[in-house]
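Try each one before you read its solution.

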Amino acid sequence: MLSGYTERESLDRVFPPSHQFLSKPCPKDVLVSTITNALNSRNLLRGTGLRALVGSITRLPSLPEIYRQVASEIAKDEPSMERLGAIIGQDVAMTARLLKLVNSPFFGMTRKILSPVQAVNLVGINYLQSLIMACATFDSCEVSIPGYSLRRLMEHSLRTSCASAQIAALEGVAAEARDEYMTAGLLHDIGKLVLATNLPEAYARIIATVQREPRPVHEVEMEVLGATHAEMGAYLLRLWGLSDSVVDAALLHHAPCTIEPSLSPSLAVYCANVLDRELVVINPGYHRPAIDDVYLQRSGLAPRLEAWRAGLEKICRRVEGDEAQDSHS
Ligand SMILES: [Fe+2]
Ligand SMILES: [Fe+2]
């Protein structure tokens, strides 16, 4: 939606919720890239069962108002940290949620972060924006499928995010370029939320199958739904205007043979996801994938796997230590 009228709530009463909202005046390049993204999301629907699946979904999550305000501040020529802090601070519940997250052992901060401005400075605004997106999406989803936990999925997403950024750091990627790795890790399984929320009965069947038989979830999703959470997530992230590398990482995170064999957010998220599944038992009895050695050899990064695994082990120990402390306090 492109409008000169900025009262979003009034607009939502008149028009059905839109996935992206642009205020006038809108810079030409922002308008062009937004339309290109929307058209590309349609390309994802070609030639797969995803088209039928998207058609059967009545409610795709939409982005919260605070996300839009942050995005429009970032798009300015000179975004202000103070204004960004003030925008986030307006939403008290989201601020509390974000501060709790950035102070959690996942991020290993050496000092306590007390305000949105500090969070923006330390975590970076792009990643904080992705955290807002993830928190709002998780909060808007309600799932009551036996054996399925949104809390565990969020924790897996956070570990994958931190591990993916750590892989980038270990391989010498500059700090400002690591945001994409973190964001891609954080959002890689977001399609699961959409499927479990919109198709609870079919998804309950999928979960029951993978609890009974040690098969990958995405394989059973394809059988039951004709598409996977990876495709669904990529479609949604494209619709929301995320970058190609974040969309690709979500789309390809179970298919290493389709990922370029060189360091990228897709490669890092693929490895971080598998390593997390190897080190943390998210659901006992579930199929646990293994790294595709042939693919990693081709990338020339196979000798680095041990260092990446050790990095994630460190994150897991930090989180476990904190949980143990919590249970004794
Ligand atoms: Fe996945
Ligand atoms: Fe995953």
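**Exercise 1.** In which helix does Thr183 lie? Then decide whether Thr183 is buried or exposed, and find what it touches.

*Solution.* Keep in mind that this is a predicted model.
- Start with the helix: Thr183 is part of H10, which covers residues 179–187.
- Next, count neighbours. Thr183 has 29 C-beta neighbours inside 10 Å, and the cut-off for a buried residue is 20 or more. Therefore Thr183 counts as buried.
- Now look for contacts, leaving out residues up to four places away in sequence: Thr183 touches Asn126, Tyr127, Ser130 and Val246.
- Finally, compare sequence with space. Ser157 is 26 residues from Thr183 along the chain, and their C-alpha atoms are 9.7 Å apart.

**Exercise 2.** Check whether the length of helix H9 agrees with its number of residues.

*Solution.* 
- H9 runs over residues 150–170, which makes 21 residues.

**Exercise 3.** Describe how H15 and H16 pack.

*Solution.* 
- Two packed helices are described by the angle between their axes and the distance between the axes.
- For H15 (residues 244–252) and H16 (residues 265–279), the angle is about 35° and the axes are 8 Å apart.
- Their crossing is right-handed.
- On the H15 side, the meeting residues are Ser245, Val246, Asp248, Ala249 and Leu252; on the H16 side they are Pro265, Ser266, Val269 and Tyr270.

**Exercise 4.** Which residues have the most contacts inside the largest nonpolar core?

*Solution.* 
- This core has 76 residues, and those with the most contacts inside it are Leu128, Ile132, Leu237, Ala250 and Cys271.
- Take Ile132 as one case. Beyond its neighbours within four places in sequence, Ile132 is in contact with Pro64, Ile66, Tyr67, Val70, Met94 and Leu98.
- For the protein as a whole, buried residues make up 36% of the 329 residues.

**Exercise 5.** Where does pLDDT stay under 50?

*Solution.* 
- Begin with the overall picture: the mean pLDDT is 87, and 85% of residues reach 70 or more.
- The stretch to find is residues 11–17, where pLDDT stays under 50 and the model has 6 contacts beyond four places in sequence.
- Where pLDDT is low, the predicted coordinates should not be read in detail.

Definitions and conventions:
Residues are numbered from 1 along each chain as its sequence is written. Chains are lettered from A and ligands numbered from 1 in the order in which they are written. This is a predicted model: local features need pLDDT of at least 70, side-chain atom pairs count only at pLDDT 80 or more; totals for chains, interfaces and linings use all residues. Helices (H or I, at least four residues) and strands (E, at least two) are DSSP runs, numbered from the N terminus. The expected span of a helix is 1.5 Å times one less than its number of residues. A nonpolar core is a set of buried Ala, Val, Leu, Ile, Met, Phe, Trp, Tyr and Cys residues joined through C-beta atoms within 7 Å. A residue is buried if 20 or more other C-beta atoms lie within 10 Å of its own, exposed if 12 or fewer, and partly exposed in between; C-beta atoms are placed from the backbone. Two residues are in contact if their C-beta atoms, placed from the backbone, lie within 7 Å. pLDDT is the predictor's confidence in each residue, from 0 to 100. Axes are lines fitted to C-alpha atoms, for helices over the stretch in contact, and angles run from 0 to 180 degrees between N-to-C directions. A crossing is left-handed if the near helix is turned anticlockwise from the far one by less than a right angle, and right-handed if clockwise.
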